[in-house]
Amino acid sequence: MREKSRRRVKIVAKVVESNNNENEKVNDAPRKKRYKWAVVGCDSDAGGALAIIRGDFAGDVQTVEIVDVPTMTVTVNGKKRIRLDVAKMIEKVKELDLPSDENGGHSSVVFVEEGGVEFGFSAQTAFVQGYNFGLWRGVLAAEEFEVRVVKPQAWKAAMGLKFKG
């Protein structure tokens with residue numbers, strides 16, 4: 001009979017809410033170790049998050065970190081709306097401290113979920129979805145990350161999650 005191996009995953013940060021709180025503390029535990037690889041998943045919605053998984057070799061997961069997407073409240077046509085905070089997005093991406101390759105570039109891959117619209121979405125909602133997706137692609141590209149776009153159905157199927165389709 002084959003023994004099951006147990007994996008331990010250390011959570012190094014708490015999930016934080018970011019709506020314009022200048023005193024926000026992003027990390028509870030400082031990263032003391034520099035890992036050899038990292039994979040980042042980005043849900044580009046204003047209610048989304050970044051998921052950062054780090055390790056030392058393929059299949060070795062050492063840490064998992066979840067960081068809320070930074071947002072701010074703005075007024076649009078007299079109504080308060082939640083929008084992405086680009087300045088804080090840039091800060092958060094720089095704070096990720098992802099591994100570098102031998103040439104000084106990033107050896108990490110960032111997967112950005114492609115924003116989509118569903119039946120019943122308004123034109124404004126569809127526009128904001130696409131706008132948020134584009135903001136994340138731009139911020140990540142400016143930091144010279146390898147960005148791969150993935151459809152929600154594709155990553156959910158790969159993870160064995162149920163989805164409509």
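This is a predicted model: local features need pLDDT of at least 70, side-chain atom pairs count only at pLDDT 80 or more; totals for chains, interfaces and linings use all residues.

Modeller: Residues are numbered from 1 along each chain as its sequence is written, and side-chain values use heavy atoms, with hydrogens and water left out. The protein exposes about 11,100 Å², of which carbon and sulfur atoms supply 52%, with accessible areas taken from the Shrake-Rupley method with a 1.4 Å probe, where for residues only the protein chains shown count as cover. A search of the whole structure finds one aromatic pair, and this pair, formed by Phe127 and Tyr131, is stacked, at 5.8 Å centre to centre and 20° between the planes; rings of Phe, Tyr and Trp (its six-membered ring) pair if their centres lie within 6.5 Å, and planes under 30 degrees apart count as stacked, over 60 as edge-to-face and the rest as tilted. Phe127 and Tyr131 are four residues apart in helix H2 (residues 123-142), so about one helical turn separates them; helices (H or I, at least four residues) and strands (E, at least two) are DSSP runs, numbered from the N terminus. Phe127 counts as exposed because its relative accessibility is 58%, whereas Tyr131, at 46%, counts as partly exposed, given that buried means under 20% relative accessible area, exposed over 50% and partly exposed in between (1.4 Å probe, protein chains only). As for the background, the protein has three helices and eight strands, and buried residues make up 31% of its 165 residues.
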